[in-house]
Amino acid sequence: MRLPRNINLQAMMNIEEFRAEAHRMADRIADYYESASTYPVKSQVKPGEILDALPLQPPADSESTGSIMADFERIIMPGITHWQSPSFFAYFPANSSYPSVLAEMLTAALAQQGMIWETSPAATELEERVMEWLKQIFGLPEEWTGVIQDTASASTLAALLTARERATDWNVNDNGFAPEAGLRIYCSSETHSSIEKATKIAGYGKNNLIKVAVKSDGSMDIVALEKAISDDLKAGLKPVCVVGTLGTTGTTANDPLEAIGKICQKHKLWFHVDAAYGGTALMLPEMRHLAAGLKFADSYVFNPHKWMFTNFDCSAYFVRDQEALIRTFSILPEYLKTATRGQVKDYRDWGVALGRRFRALKLWFVIRSFGVEGLREKVRKHLELARWLKHTIESSEDFELLAPVNYSLVCFRYHPEAVADEEKLNQINQQLLQKVNETGRLYITHTKTAGKYTLRMVIAQTYVERHHVEAAWSLIRKTAEQLSA
Ligand SMILES: *Cc1c(COP(=O)(O)O)cnc(C)c1O
């Protein structure tokens, strides 16, 4: 047989080359972490710039790792926004850490597909164990069972699907949704967009999602919730589920979980708690008071991939009634029937996806490498740095806080005494955000609070130190002064 002319099979990567390149890669990764603070935090490329630098056609021939890496440095790196920079203060973090990266190398190498116990007993049982560990670290209710999902969005979708099935006696799964319209979901107007998305995917329809008003601190107004539920009952609609949040995405407000939980109990509603970011803080005994209402929750999600030093993706989802979850998702085609079914966890029945990555490995590495007290120390340090920034802003004449600092997010704006017009203040702060981000020396984002353009600075990066926060604050202050000069 003759091979087509251009193919050079000898050039394809073999095990010796793999070994050598893997060593080089380890050094490249360590160099990256060592110098992460020297890159422009927010990528400075223009839309289309990376796309235009990439060839239109895929290569027919094998290319050397050296040449791929050269293009990685030249084309890809400039288009990277450095989430692992200690001066990344934007959104919420998507933290990684050294042990997490090491575990991810193994995860890629073993490339497990842990859909059922038999396809990876270790992936299944390690997941079971680390989820039990998380319950202890965070003081979560003993009777809960956990499973790792890819994202909080997928976890919340699982919650809304299970709530739907429980409310319809497992009927929608079998017969579809049409006769069951009018099932109502409640959340606050500050709730994350993933709840609305889940109501669409799960077939409730987004018009059946009631966004309950919030109080001035951004937390759900419980009186408004009760009224919404009783109005719906009077109208013949069927309340199904309330979603409460610990640490809203805009300003990290906390909904009154205990009060919501009691309302859910009274009306027999599913109670889902979204603590995607804030949940990590519950590892600190001094923050546990926030968890008081969790005893009422049917399901709970928080993201180790945000603030717990475990690289994306890793979302911890806990449920009170694991049978309800499994009954919602369970499928059993002939090719997945195994002798061990019933004795072991087959996580394919615990969420949307069939195939599953071995995500527990990085969580295991992170928890063991930091140790629980090491994790706590880091989170405590972030909270302290946020308090420092809060006090600094409180004592600066030209800046003001715009939301309570409940975790490590500080919401503020520049407000020079001479400017009173809200429109003008919004413009100035928008300009300020753009100017500081353009320097590449930090990255912050914004939200709106009561119509005010609000700067958000989240101090939660794995390797952030006091001097990074001070440098960021100094740059923000100086840029603001230049703007009004
Ligand atoms: C970030 C966030 C989410 C979404 O998390 P994903 O894992 O990206 O789906 C959901 N809820 C809250 C409160 C968040 O902050």
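## Charges over aromatic rings

A charge is said to sit over a ring if the NZ atom of Lys or the CZ atom of Arg is within 6 Å of the ring centre and within 35 degrees of the ring normal. In this predicted model, Arg-456 lies over the face of Phe-92, at 5.0 Å from the ring centre. Arg-327 takes such a position over the face of Trp-170, where the distance from the ring centre is 4.1 Å.

## Aromatic pairs

A pair of aromatic rings is described by the distance of the centres and the angle of the planes. The count for this model comes to 23 aromatic pairs. Tyr-277 has a relative accessible area of 1% and Tyr-407 one of 2%. Buried means under 20%, so Tyr-277 is buried, and Tyr-407 is therefore buried as well.

Tyr-300 and Phe-302 form a tilted pair, with 6.4 Å from centre to centre and 35° between the planes. Both Tyr-300 and Phe-302 are buried. Elsewhere, Tyr-32, Tyr-33, Tyr-39, Tyr-98 and Tyr-463 make up one aromatic cluster.

Strand S9 (409-414) is mostly covered, with 6 of its 6 residues buried. In a regular strand the side chains alternate between the two faces of the sheet. In S9, Leu-409, Cys-411 and Arg-413 point one way, whereas Val-410, Phe-412 and Tyr-414 point the other way.

S9 runs antiparallel to S8, and 3 bridges join these two strands. Within this pairing, Glu-400 stands opposite Arg-413 of S9. S9 also runs antiparallel to S11, to which 4 bridges join it. Here the bridge partner of Val-410 is Met-457 in S11.

Helix H16 covers residues 466-484 and has 19 residues. The buried residues of H16 include His-468, Val-469, Trp-473, Leu-475 and Ile-476. Among the elements that cover the buried residues of H16 are helix H14 (372-394), helix H15 (422-438), strand S8 (399-401), strand S9 (409-414) and strand S11 (452-458).

H14, one of these covering elements, has 23 residues and reaches 33 Å from its first C-alpha to its last, close to the 33 Å expected. Its buried residues include Leu-375, Val-379, Leu-383, Leu-385, Ala-386, Leu-389 and Ile-393. Arg-376, Lys-378 and His-382 are also among the buried residues of H14.

## Cysteines

The count of disulfides in this model is 0. For Cys-264, the nearest cysteine sulfur is that of Cys-241, 7.2 Å away. A disulfide requires sulfur atoms within 2.5 Å, and therefore Cys-264 is in no disulfide. The relative accessible area of Cys-264 is 2%, so this residue counts as buried. Cys-314 is buried too, because its relative accessibility is 0%.

Methods:
Residues are numbered from 1 along each chain as its sequence is written. This is a predicted model: local features need pLDDT of at least 70, side-chain atom pairs count only at pLDDT 80 or more; totals for chains, interfaces and linings use all residues. Side-chain values use heavy atoms; hydrogens and water are left out. The expected span of a helix is 1.5 Å times one less than its number of residues. Buried means under 20% relative accessible area, exposed over 50%, partly exposed in between (1.4 Å probe, protein chains only). Contact means heavy atoms within 4.5 Å. Rings of Phe, Tyr and Trp (its six-membered ring) pair if their centres lie within 6.5 Å; planes under 30 degrees apart count as stacked, over 60 as edge-to-face and the rest as tilted. Two strands pair if DSSP finds at least two bridges between them.
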